[in-house]
Amino acid sequence: MRTVSQEGTFELTIASDPSEVQRIQDRIEVCLKEHHFEDREIFSIRLALEEALVNAIKHGNQLDRTKKVHIHCAIHQDRFEVGIADEGPGFDPEDVPNPLCEENLERPCGRGLFLIRHYMTDVIYHPPGNRLTMFRLRKRANGQPYVNGNGNGNGHCNGNGNGNGHCNGNGNGHRS
């Protein structure tokens with residue numbers, strides 16, 4: 001299902017089917033190209049989007065195809081933003097081990113969250129942990145970032161982060 005509300009903004013709802021991920025990535029990539037995003041920006045967004053969607057499907061909705069994943073996407077001149085919500089119980093992203101700690105290097109958990117945080121400018125997990133919003137700021141042709149709406153220049157697209165300087169999880173039930 002697709003709902004278009006304005007140029008560059010749309011909503012999609014998909015079944016919890018891993019085969020849907022590439023279709024969504026491809027659709028968003030087309031939109032990003034239409035809005036003249038650079039290849040490196042598109043790569044970053046696709047990778048983070050894949051991780052977040054797979055997490056919502058696999059960890060949040062437990063691969064239950066009767067459950068849905070809801071996607072809200074907005075493409076602006078200065079940024080890309082996407083919200084992803086699953087129908088799972090949620091989780092606390094602070095409980096997910098840091099994959100870079102020596103004791104976790106051989107463990108498979110936490111890598112997806114790490115990649116999402118790395119490739120997006122900001123990631124916000126909304127309680128109870130089954131919804132996330134992630135942003136990627138664009139740079140101007142001169143290499144300078146756009147200044148966000150609140151004028152604080154901290155690289156965040158909004159002022160409702162957790163204030164601790166960390167991107168806290170993905171809110172979509174993702175634990176890997």
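I looked up F91 and Y125 and found both buried (under 20% relative accessible area; exposed is over 50%, partly exposed in between, with a 1.4 Å probe and protein chains only). The model is predicted, so I kept to local features with pLDDT of at least 70 and side-chain atom pairs at pLDDT 80 or more, while totals for chains, interfaces and linings use all residues. I number residues from 1 along each chain as its sequence is written, and side-chain values use heavy atoms, without hydrogens and water.

I searched the whole structure for aromatic pairs and got two. Rings of Phe, Tyr and Trp (its six-membered ring) pair if their centres lie within 6.5 Å; planes under 30 degrees apart are stacked, over 60 edge-to-face, the rest tilted.

F43 and Y119 are edge-to-face, with centres 5.7 Å apart and 80 degrees between the planes. F43 is in helix 2 (residues 39-60) and Y119 in helix 3 (residues 111-119), 76 residues apart. Helices (H or I, at least four residues) and strands (E, at least two) are DSSP runs, numbered from the N terminus. I noted F43 as partly exposed, at 47% relative accessible area.

The ring centres of F91 and Y125 are 6.4 Å apart and the planes stand at 80 degrees, so I logged this pair as edge-to-face. F91 is in the loop between strand 4 and helix 3, and Y125 is in strand 5 (residues 122-126).

I then checked R79, which lies in strand 4 (residues 79-85). R79 counts as buried because its relative accessibility is 19%. I found R79 9.4 Å from F37, C-alpha to C-alpha, though 42 residues separate them in sequence.
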